[in-house]
Amino acid sequence: MTSAAMRSTSETTTGGNPGRGSLNGPLRSLRTYIGLFPFFIYSGFFLAIPTLQVMILAFRNQDNGWTLDNVKEAVAGVYLLSFQQSLWLSAISAITGAIFGFIAAYAITVSNIRILRRVIQTASGVFANTGGVPLAFFFIASIGTYGLLTTALKKIGIDLYSGGWTLFTFSGLVLVYLYFQIPLMIIVILPAIDGLRLEWREAAGSLGASKWQFWRYVAIPLLAPAFTGALLLLFANSFAAYATASALTSGTIPLVPLQIGSLVSGNVIADKANLGYALGFGMVVIIGFVMAGYAILQRKTAKWLGN
Amino acid sequence: MSKRLKVLAGVAGVALAASMLAAMPAGAAASKAATAKSAKDVGGLAGLIKLAKAEKELNVIALPRDWANYGEMIDTFAKKYGIKVNSQNPDGSSADEVAAVKTLKGQSRQPDVVDVGVAFAVQGADEGLWAPYKVATWGDIAADAKETNGLWYYDYGGYIAIGYDAKRVSVPPKSFKDLLNPRYKGQVALNGNPAKANAAFSAVYASSIANGGGLQDITKGLDFWANMKKAGNFIPVEATPATVQSGQTPITLDWDYLQAKYSKDAAGKVDWKLVVPSDAVFFGGYAQAIVKNSPHPAAARLWQEFLYSDEGQNIWLKGGARPIRLPAMVKKGTANKSAIKSLPVTPKGATATYPGLDDVVTAKSLVALLWGTL
């Protein structure tokens, strides 16, 4: 039994099947890609076709003719402001999330406690995927005007709302977004920090490098592509967030996804769906740039991680 | 051809012919119903019922079972006529309804009827999506609450009301102006973004009336909410049953029939009461329309006859909504009296107002442009 199993393993690993190697080029690549077909079909139906449709409808008017009006309107007035606010919110929540997430991930690696690492990784996986109306409600119920924490703190003399701050402002929204941004950063940056080998630090140390010099000339240059890549991912993540902001602000902070929601799927504005598609087109363009940057950085990171 | 194949072909031929024969009368009748502008065109209500029963099904969309008692409405109709009601996307918006009508055109799943905000009814009429039809009780619908050719017509509505948790709000607000009182700091919420949620938009529109802007100048209403925000009284949380029941939104603005439902559902958790503001009695309603060339034209028309019959109107009334034929039914004594008694109380002399369509369009575009910069 055992020897038979071993033999068959050795056969496959040593290329015991000569027919496989002799397949000619195109046929072989077809075989390689056949496993990807379900993925292509899936992303075609749920990503490519809808994206294409949004791009076309952005240039259509109510009577199905071609027009540039939607796109012009999408980059003026309140809609331009919405793009600014969305970009600003995404940038701030991405940068803050990236910094805190990095510090946490670094601390986990340095501490070298296996169980802590596991617990935090699992928890991060859950938190990074928490969003939507439930997330908004968590915060309303804890630190909203009548939240549990707000009321409890008031009893011991601390009034969260005395300084004019509220959960429903721009900074409140950033705070809520950090709930999923920090864990996401931990998940994506951990492998990169792991790649920073202990031996390198020791080598640098034995060559007389100070701690600062190690970071300045070794660690930061090595981690920069991974960090920036993660930053872009976080940016895209909050750029597209919709339900949380909607439930928390009722549109008082103009954000592009909220505007699209009102125009395309609302109960009030009846005949401006195409403007909504134009805004969607704008988002596609911005995310396109971000993802292109992410792909480039990802390649750089992969190179030194040795994969 | 072998003998066996011939027999098979013969059987298939007969079956095909039979199915065609069976289909033909239904098909011919369907086209007759599809152009019927009233029940008279298909031999009166009895004729319509016969055709609708033959169609067997009706497609409806965006009708939540707990909204204005639509659950009972659907069940009663289905049982009475033996027609299966396919309810799609019950929590959809008016925009979703119009989109479904367009994208499912020619398919058996296309909605036969819609219940939409009036702006969407007008949009659909402009785009030729609706078929004109006048129900038997057409005359009872106020002239400014229907499209003259019967393309769409108001169905039910209610007043914008202030709902509050009596446990937490010891001095209940009675008007929009009251809401600015510092005592309500951090307490007042809308049911969403006024550029997206109809009740929230209507609350802003109503506050314009309370602040001297009337129906022509909604900027007065927007100013009011800007002040509410500045004072810290307005919390921009989307009020939902969850926020109401957990006490996070102690004061909300919404339709009175939904507020009444909140108070029923929240019993035991919060003491939810409601009042129609004294400085703005704002009536808002929805509209019905039949989809042109929909899959079940007769069932669609029978559905409308049912909605606008005394029976259908009383079902809405039981849900706390005010059906459009209510004044006529009160006069005739056919309205459900206990349901009327349990309707939210309105200030004396309150009458329904129907803002002109041009005013509404202007108001909406202003809200869309200005709400985000409050």
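Here is a quick tour, topic by topic.

This is a predicted model, where local features need pLDDT of at least 70 and side-chain atom pairs count only at pLDDT 80 or more, while totals for chains, interfaces and linings use all residues. Residues are numbered from 1 along each chain as its sequence is written, with chains lettered from A and ligands numbered from 1 in the order in which they are written. Helices (H or I, at least four residues) and strands (E, at least two) are DSSP runs, numbered from the N terminus.

**Where the chains touch**
- 32 residues of chain A are in contact with 35 residues of chain B; contact here means that the C-beta atoms of two residues, placed from the backbone, lie within 7 Å.
- On the chain A side, the elements giving two or more residues are α6 (77-111), α8 (132-143), α13 (243-249) and α14 (256-265).
- The largest share of that side, five residues, comes from α14(A).
- By class, the chain A side has 17 nonpolar, 14 polar and one charged residues. Nonpolar covers Ala, Val, Leu, Ile, Met, Phe, Trp, Tyr, Cys and Pro, charged covers Asp, Glu, Lys and Arg, and the others, Gly among them, are polar.

**Two crossing helices in chain B**
- Helix α6 (residues 198-210) of chain B packs with helix α7 (residues 219-231) of chain B at about 100 degrees, with axes 7 Å apart; the axes are lines fitted to C-alpha atoms over the stretch in contact, and angles run from 0 to 180 degrees between N-to-C directions.
- So α6(B) is roughly perpendicular to α7(B), a label for angles of 65 to 115 degrees.
- Among the residues that meet are B:Val204 and B:Tyr205 in α6(B), and B:Phe224 and B:Trp225 in α7(B).
- The residues of this contact divide into five nonpolar, three polar and one charged.

**A covered helix in chain B**
- Helix α5 (residues 118-126) of chain B has seven of its nine residues buried, meaning 20 or more other C-beta atoms within 10 Å of a residue's own.
- The buried residues of α5(B) include B:Phe120 and B:Gln123, and their cover includes β3 (113-117) and α14 (357-370) of chain B.
- After α5(B) comes B:Gly128, with a positive phi near 70 degrees.

**A loop residue in chain A**
- A:Phe59 lies in the loop between α4 (37-57) and α5 (69-74) of chain A.
- A:Phe59 counts as partly exposed because it has 17 C-beta neighbours inside 10 Å, between the limits of 12 or fewer for exposed and 20 or more for buried.
- Beyond its neighbours within four places in sequence, A:Phe59 is in contact with A:Trp66, A:Thr67, A:Leu68, A:Asn70 and A:Val71.

Notes
Parallel < 35°, antiparallel > 145°, perpendicular 65-115°, else oblique.
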